Each structure stands twice: as structure tokens, then as C-alpha cells.
Amino acid sequence: LSGRPDPTGATLKIMAMKQLLLFFFFLLWFFPVFSQKHTLTYKAETGGALPAGKLPFWLHTNTYGKITGNTYLWGTAGLSTPFSKSNTRAFDFSFGAEGTGSLEKGEDNRLFVNQLYGRLRWQNLVLTLGLIAPDTEYEGLSATNGNMLYSTNSRNLPGISLSTWDFIKLPWIGKWISFKGQYEEYMMTDKRYAGKRTRLHHKMLDIKFTITPCFSFEAGLDHYAQWAGTTTKYGKLPASFKDYLRVVLVKEGGEDAPENEINKLGNHIGMHFAKFKYHNENWAAEFYYNHIFEDGSGEKFRNRPDGLYGFYFTRTKKQKWLKSILYEFYYTKCQSGPYHDDPVSGEIVGGNDNYFNNGIYQSGWTFFGHVIGSPFFIPRPENEEGITIGILNNRFYAHHLGICGELPQAIQYKLRMSYSLNYGTHSHAFRDENNRPTSKPQFSLGLELTAPDWHLPFRTALNIGFDRGDIYKNNFGVMIKLFKTGIF
């Protein structure tokens, strides 16, 4: 091997393409053999964009990382088989795979597997292994999929997950109180500051109180923690099983931990959430709230009123021209105050929470250059080594409106509009030409029109995007997508 020349980038892309094609041919053979009574479905999509410069915000945001601001042509193909048994007490399984390729302006073209997973279900437990996309909530109208920490904006993380399929009723009081949860471990496999061995721990608990058959209330806790990896300054970070337990239990680091991980080992990000839901035979409504925190001061709500406040309304009848409407308000300006240390006494009081940034895990809450959480958090451009170093803007407030319905000729529409006022960070505020702290407004609009097949072998969607403001260049773009889904 030492005598062979290194393969060129073009050769590697051809090899990757061949491997991807072979993989899909294998799946075509594998699924019919092993799925038996399972239904094999396929999905194929291709599209092209004509922007004036980079793609407008709503033409590439929340696309699971498949489309970037520089994409002008892409294609996606996938196969999957869902769970087949309605009886959740029975053993069941499902598989899925999806590959994406894209041509990028001024950058290397991309070819990657976006989903590749296997799932086992027994009673109310589901074990998932591999790459899998999160379910789309609120019909894709939300700016962050209803979750400030984990949206549909970045590529999917590879890992293993144990979760409940549905709410589990508690003995004797299950009519009124039930719960569901998740326990997951991921690998952050992109090119990042702390190296490819950075790991991600996640757990979630959601408790549901059923007040009446039509009205319920949910409350819970979502917790993520980045840990392990290797940095230039600290070398190999703690990664033993004992260190893993410290991360899970949110405990201080051991003797080999970096000095600023004495309080808590790893980079911890959390969220309290609450949901009020009501439904009847004609319509349903939901109010939801996310309270984000990164340390003890935020966990104790000293960063009020930071968070996401959302309202969703959908009609189950008479829904033709207006099916659903969603409004969200985001606020992250407080962050428990501008200073972590008291500027007079030097006492650590908590503050400058600096959401999605971290001094050790300097790539922050990003994956392959995209923010994992709400896309209103703006990452820094990649450096010369192709590494994202944290978040440029995490202090903002934003209004977001989403509407969907059906127009004449059975044309479905989805409209998303966002307005934000952005301030940078507490430590590095945006400044005007006189070096005074300032804010940057931004308005972005996205309209999607999806036509039925009209006797064609595929469906067609037209996407229009528009940006105006100081964050993104004033821009207008058009995207056309052709897609088809079906059953083998």
C-alpha cells in the first residue's frame, strides 16, 4: 500500500458513488427477502435552484442538511420499510436508507448517506441503530420543528437510541398520568474542533397529564451533553466509563479533566418544555414552550424570559384553503445577564450563558457546519481547515409565522415568514461603523407550491425564497423539485 499514489478527490467521489449504488442494489435485494409481510416503500427527489447569489434562508433551512446555501442541483433516493404490526405488544422491525448527492457553488460537491438505520420494537420499547431523521412536527411549519435544541436543520447524527413508542400509563393512575422517554448515544463524526471522537449523550422524559379526553398537559426535561474527543490545548479528553457516568449524572470531572470542567464534565445543554393540547372532532390546538439553559443559572430560570413560545392550530374538517397555522416567538437576549463573573468582586454568579458555544468544544452545537438547534442561531463561517468554530449570533428575538392549506386545482401551499432582530453575543456584540453595539434586522420568506401528479409519473413543487436584512444578503431565489414516492 505504501507504494500506491494517494487517490484524488475525483477518484474518491467516483468510488463513493459506486459504493452508494451498490448499497442501494443490495437493499433492493435485502428488503424483499427479509421483510416478508413488510411494505417496501421508495422515495426519490431531484431539484435545482436559480438564486441571484446564495440560496435564500428558507430554501435551504430545515432540509436535514441535504441542501446548503451553495447548492444548485441535488438528488436524493431512499428505501424504507415501516413497522408492520398494529399490535404494539408484538415483536416488529423496520429498516431504512437514504443517500444524497449535491453540486455546490464554489465548494466541493457532496455525496453522503443521510439515513441508514434498523429498528426493533417490542411492546412499547423501540431500539434504533444508525442514522435516522427526526419526525417532522407541525407539518413542517415550525422554524425549529418545535424543539430549540434539536431541529431538522442539520444532518442526522449516527448513534443508538432506546425510546418508548407511545406514552406508558402508570399503574392505577394511568387514565390521568403517563410518560414517555428517550435514552440515546451519538457520535459527532464531522470535522470539528474537538476531533471526530466527540460523543453526544441525550436523555428525555415527558410526563403527560390527561385532564379530560380532549385536553392534556405535558411537561418534561431534555438534556444533551458533548464529551470525550481530543483538542490541541488539552489533548485527549476524559473518555472512560467512569467519565461517562459523570456525564450522565451531570457530575464534576475527575483529576484528568480540564480545569474548566471541574464543575461539570462535558458541554451540557438542556431544555425544560411544556405543552398544552386540545382537540375535538373539528379542530385541534396546541401551545408549547421551550426554556433553554446551559448552566445552573439558566436551570434555575435566571435567564427568563429566554425560550420559545409557540401556538399551533389545525382543522380536521373544512380545511381546504386554510388547514393549519403556526406562530412562534423566540427570545434569547437575557442569558442570565452579560457577565459570568461579577465585574467588581470577581465572584462567579452565573451569566453570559453564551448559548451553543463552549470553550473546550469550540465547534459548539453544530454538525457539518449547520446548527443542530434553531436555525436563528447563526454559526461562524468555516475556517481554512473546514472547521466551524462556534456560533456568531445567539442573542436575538424572532417572530415566525407558518401557514399551509390547499388552493384550486388541488395545489398545496406552505408559507413561512420570519423576522428577527440579532445582537451577536454578549462577549462579541454586533457593532456599527462607530464601534457602538447595534442590532441587525432580518426578514425571510419561503413559499412552497406542490402540484398533484396531473397524470405525470412524478409530483412537482415550486419553492420561492426571499431575504432582506443585514444578516443575509438581500436575495431572491427559485427552486424546482421533482419527487416520487411509492410502494414496490
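**Figure 1. Overview of the predicted chain.** The protein chain has an average pLDDT (the predictor's confidence in each residue, from 0 to 100) of 89, and 89% of its residues score at least 70. This is a predicted model, in which local features need pLDDT of at least 70 and side-chain atom pairs count only at pLDDT 80 or more, while totals for chains, interfaces and linings use all residues. Residues are numbered from 1 along each chain as its sequence is written, and side-chain values use heavy atoms, with hydrogens and water left out. Four helices and 25 strands make up the secondary structure; helices (H or I, at least four residues) and strands (E, at least two) are DSSP runs numbered from the N terminus. Of the 488 residues, 45% count as buried, where buried means under 20% relative accessible area, exposed over 50%, and partly exposed in between (1.4 Å probe, protein chains only). Over residues 1–13, pLDDT stays under 50, and the model has four contacts (heavy atoms within 4.5 Å) beyond four places in sequence for this segment. Where pLDDT is low, the predicted coordinates should not be read in detail.

**Figure 2. A nonpolar surface patch involving β4, β5 and β6****.** The residues F91, L120, W122, L125, L127, L129, I160, L162 and Y183 form a nonpolar surface patch of about 850 Å². Two or more of its residues come from each of β4 (110–122), β5 (125–131) and β6 (159–164), and β5 gives the largest share, three residues. Patches are made of residues with over 30% relative accessible area and no salt bridge; like charges are joined within 9 Å, and nonpolar side chains (Val, Leu, Ile, Met, Phe, Trp, Tyr) within 5 Å. Accessible areas come from the Shrake-Rupley method with a 1.4 Å probe, and for residues only the protein chains shown count as cover. Y183 belongs to strand β8 (residues 177–187) and counts as partly exposed because its relative accessibility is 35%.

Figure 3. T128 is buried, with a relative accessible area of 6%. Its side chain makes a polar contact with the side chain of R119 at 2.9 Å. A polar contact is a pair of N or O atoms within 3.5 Å; within protein, one must be able to donate a hydrogen and the other to accept it, and residues adjacent in sequence count only if both atoms are side-chain atoms. Leaving aside residues up to four places away in sequence, T128 touches G118, R119, G159, I160 and S161.

**Figure 4. Salt bridges K66–E98** **and E218–K277****.** The whole structure contains nine salt bridges, each defined as a side-chain nitrogen of Lys or Arg within 4 Å of a carboxyl oxygen of Asp or Glu. K66 and E98 pair at 3.7 Å, N to O. This pair links distant parts of the chain, 32 residues apart: K66 lies in the loop between α2 (57–60) and β2 (71–81), and E98 in strand β3 (residues 92–104). K66 counts as buried at 10% relative accessibility, and E98 is buried at 6%. The side chains of E218 and K277 meet at 3.1 Å, N to O. E218 lies in strand β10 (residues 215–227) and K277 in strand β13 (residues 267–279), 59 residues apart. E218 is buried at 2% relative accessibility, whereas K277 is partly exposed at 27%.

**Figure 5. The cis peptide bond between R304 and P305****.** The omega angle of this bond is about 10 degrees. P305 is placed in the loop between α4 (296–299) and β15 (307–315).
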